[in-house]
Amino acid sequence: YFGFHTDVDAVVYLMLCNDMLHSLFPSVVTVGEDVSGMPAFCRPVSEGGTGFDYRLNMAIADKWIEFMEERTDDSWGMGEITHTLTNRRWMEECVSYAESHDQALVGDKTLAFWLMDSDMYDYMAHPDFGPSSPRVERGIAIHKMVRLLTMTLGGESYLTFMGNEFGHPEWIDFPRDDFVDPGTGKFVPGNGGSLEKCRRRFDLPDADYLKYQWLRGFDRAMCHLDKAFGFMSAPHTYVSRKDEMDKLVVAERGDLVFVFNFHHTNSYSDYRVGCLNTGGYKVVLSSDQSCFGGYSNVSKEADVEFFATDHPHDDRPASMQVYAPARTCVVYAPSERVDPLASDPEGLGVKDLGPYFAV
């Protein structure tokens, strides 16, 4: 990184850019795309760093695609997932994302398409308007879990590519003519200048007869959860369980406790999860809400209180017992911060604006 193999002029140019921008516009935020993990990339220029505010956590999207493409559900490694999500330097703020434009462009597939593939053409109708399929039900459940887990552990900010948050089908393809690659000399066919795939279908989640509304609603709810609790920027982060047999991940971020059950068949009753503080907890967000396409086995409307006692578990000073249905993620918040009747946005149970509301 600091030898003569480094393009010193390029690094100095980036330092100058960041120093100028932060001097002239103190509120500016700069984000760097770096896959090498270059030291001091997000440290101020005054400290000898490159000066970026955030670094894109690029390994996360590649790991999710690897799992979708190469692994069966029972071979997903919980430890491997959490390591990829948390493998970053202390005090180096990162932008997390489950997928980006790379997965949405022609030649690749989005997470939704990896999960549901051609079934998206025939089985994305709302249950009141058409049939479903096991592949679509699995895809919708995992799509929600992947995005919330990425947001929970992947960094201090969250990124989505336009339309991917609601599982946009197919890909983006700009008009292209045939050409010969000057680097390889190979002929690359174009698409005849077609504009057919050069668009994003934002009408899909607005259609009440399609399931895309569920995914958009969940993405909106988890973003508002961060607005209310500020968990992505909270200093307290702890992964207390990454169970390879049960396929569970339990993590704390700020005041919240997150429980992810990736098992494709097993649901767990009275499952003990560790936490930092004793007291009452309630469900503030659940992927199993009916408004997100779930089965309401765990929902905020049930208004159940879970009491964490000073029973040490998983190296945590306190613990509580919860119900974890298969292929769901549930977020627990201190009871005094939860309103089971809250409905803005739909499916989120935050009381008032939340304790750390950010505009």
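Here is a chat about a predicted model, covering its sheet, its cores and a surface patch.

Visitor: What kind of sheet do the strands form, and in what order?
Guide: This predicted model has an open sheet of 4 strands, ordered E1-E2-E3-E4, and the pairing is parallel.

Visitor: Which ones are the edge strands?
Guide: Those are strand E1 (31-32) and strand E4 (157-158), as each pairs on one side only.

Visitor: OK, how many bridges join E1 to strand E2?
Guide: There are 2 bridges, with strand E2 covering residues 54-56, and the two strands run parallel. Across that pairing, Val31 stands opposite Tyr54 in E2.

Visitor: Switching topic: which residues touch the most other members in the largest nonpolar core?
Guide: That core has 58 residues, and the ones touching the most other members are Trp64, Trp76, Leu149, Leu225, Phe260, Val284 and Leu285.

Visitor: Pick Val284, then. What does Val284 touch?
Guide: Leaving out residues up to four places away in sequence, the contacts of Val284 include Leu225, Phe229, Val331, Ala333 and Val338. Gly347, Leu348, Gly349 and Val350 are also among them.

Visitor: Now the outside. Which residues form a nonpolar patch on the surface?
Guide: Val8, Val12 and Leu16 do, and together they have about 260 Å² of accessible area.

Visitor: Where is Val8, by the way?
Guide: Val8 is in helix H1, which spans residues 8-24.

Definitions and conventions:
Residues are numbered from 1 along each chain as its sequence is written. This is a predicted model: local features need pLDDT of at least 70, side-chain atom pairs count only at pLDDT 80 or more; totals for chains, interfaces and linings use all residues. Side-chain values use heavy atoms; hydrogens and water are left out. Two strands pair if DSSP finds at least two bridges between them. A nonpolar core is a set of buried Ala, Val, Leu, Ile, Met, Phe, Trp, Tyr and Cys residues joined through side-chain atoms within 4.5 Å. Buried means under 20% relative accessible area, exposed over 50%, partly exposed in between (1.4 Å probe, protein chains only). Contact means heavy atoms within 4.5 Å. Patches are made of residues with over 30% relative accessible area and no salt bridge: like charges are joined within 9 Å, nonpolar side chains (Val, Leu, Ile, Met, Phe, Trp, Tyr) within 5 Å. Accessible areas come from the Shrake-Rupley method with a 1.4 Å probe; for residues, only the protein chains shown count as cover. A salt bridge is a side-chain nitrogen of Lys or Arg within 4 Å of a carboxyl oxygen of Asp or Glu.
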